[in-house]
Amino acid sequence: MSDNVTHIPGARRRKLRHRLLIMAGVVLLVAALAALYFFSDGPAGQSQEDAAISVSGAVMESFSFDAHSSNEYAAFNGGLAVASVSGLSVYAADGAESCVLQTTMTTPRVLSCGEAVMAYDVGGYNLMAVGKKGTELLNVTAAKPILDADLSPDGYACYSTSESGYKSILYVYNPRGAMIYRWLSSSQYLPICTVSPEGTYMAAVALGQANGIFESSLVVFRTDSEEIYSTVTLGNELFYDLEFLEDGTLCAVGESSSMWLRMDGTVLGKYSYGGAYLKDFDFGGSGFLTLSLNMYKAGNSCTVVTVSPSGEELGSSSYTEEILDSSAAGNYVAVLTANGLDLYKQDMTRTARLDATQSATAVVMRMDGTALLLSGGTGRKFIP
């Protein structure tokens with residue numbers, strides 16, 4: 001059986017991100033090469049190099065939501081989106097609940113991007129998306145477990161799954177909830193996917209081997225064509241996530257390095273972790289990738305690094321205590337530990353610190369430089 005594409009005629013196209021990793025899970029390795037792989041937050045560590053700065057701020061405008069240990073959060077439309085075991089809830093800037101889509105999820109993940117927010121169940125069957133006006137854009141129940149999904153700023157969505165007779169199947173939906181493209185692969189495992197602005201392109205990481213050695217490849221598809229647009233070898237590395245950036249380039253976050261490349265395979269930049277372990281990452285910064293790297297699998301010797309698409313390190317901050325969460329948005333980065341919250345500019349110059357976080361366990365950085373502290377079923381806005 002050969003690879004095949006289902007193209008739905010008459011669909012026109014028009015375009016980032018992840019709440020990080022915690023990604024709690026992208027999946028990889030199926031069969032002999034692969035098995036479902038979940039990448040999740042782990043302990044990191046903190047050590048304030050720039051302890052000389054300490055700017056106090058106010059925490060205010062608290063609101064409530066359903067608490068659960070598996071909740072995932074994302075800033076959306078000035079407010080907050082929460083993916084939980086019971087579905088997707090969206091809260092306005094004043095904390096009022098503006099939309100609820102109920103479904104059952106075991107490992108929820110949430111992605112906020114421009115005009116829409118999406119929640120899906122990693123290893124489960126449900127995927128849904130909501131627009132800025134609180135309207136349902138997409139509500140899909142997959143036939144087989146969802147391995148990965150992605151959302152473009154203008155509301156196009158894609159996801160990866162597998163079905164009988166195929167190693168992988170990739171779907172693309174438009175903002176009106178209609179499927180516009182399907183790729184059926186009987187020859188490759190494609191567990192990670194991303195969709196471009198306007199849904200014009202979809203890209204995936206393929207798992208395979210060359211000369212008996214594990215190899216990852218980037219495969220790019222045009223959604224108005226029955227042919228593969230390009231295939232690029234990425235080398236002997238496991239990749240956790242893939243993202244179309246606003247300028248149409250791709251960022252691939254791997255086990256030992258991150259790289260930026262064009263769809264034809266031209267590498268624009270590469271950043272090696274220097275032997276450190278990747279604990280967390282965030283695509284949310286404007287023009288930079290945020291990485292949390294730990295020198296040890298266990299222990300706290302962590303560095304939060306911001307990197308440009310050319311692979312240049314913009315700045316870093318070291319920690320010797322556990323990092324509970326980190327988040328990037330616009331020109332800002334937030335790092336939460338048990339002892340406080342630090343806000344940084346993209347060059348990791350610290351701009352504010354809050355010592356009393358009221359036992360917050362998660363943080364969501366916002367484009368305007370404020371941060372949402374989340375604890376149990378309560379969200380509080382931190383305004384430096």
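Which side chain does a polar contact of 3.1 Å join to that of S326? The partner is D280.

This is a predicted model, in which local features need pLDDT of at least 70, side-chain atom pairs count only at pLDDT 80 or more, and totals for chains, interfaces and linings use all residues. Residues are numbered from 1 along each chain as its sequence is written, and side-chain values use heavy atoms, with hydrogens and water left out.

**View 1. S326 and D280 are joined through their side chains.** The polar contact spans 3.1 Å (a pair of N or O atoms within 3.5 Å, one able to donate a hydrogen and the other to accept it; residues adjacent in sequence count only if both atoms are side-chain atoms). S326 sits in strand β29, residues 323–329 (strands are DSSP runs of E, at least two residues, numbered from the N terminus). S326 counts as buried because its relative accessibility is 4% (buried means under 20% relative accessible area, with a 1.4 Å probe and protein chains only).

**View 2. The largest nonpolar core has 21 residues.** Such a core is a set of buried Ala, Val, Leu, Ile, Met, Phe, Trp, Tyr and Cys residues joined through side-chain atoms within 4.5 Å. M118, Y120, L127, L138 and Y159 have the most contacts inside this core. Strands β9, β10, β11, β12, β13, β14 and β15 each supply at least two of its residues. Another core, of 17 residues, lies apart from it; Y240, V253, W260 and L278 are among its members.

**View 3. M118 touches residues including R109, L127 and D150.** Contact means heavy atoms within 4.5 Å. Also touched are V110, L111, M128, A129, A149, L151 and A157. Residues up to four places away in sequence are not counted.

Key: Helix = DSSP H or I, 4+ residues; strand = E, 2+ residues; numbered from the N terminus. Buried < 20%, exposed > 50% of the residue type's maximum accessible area, 1.4 Å probe, protein only.
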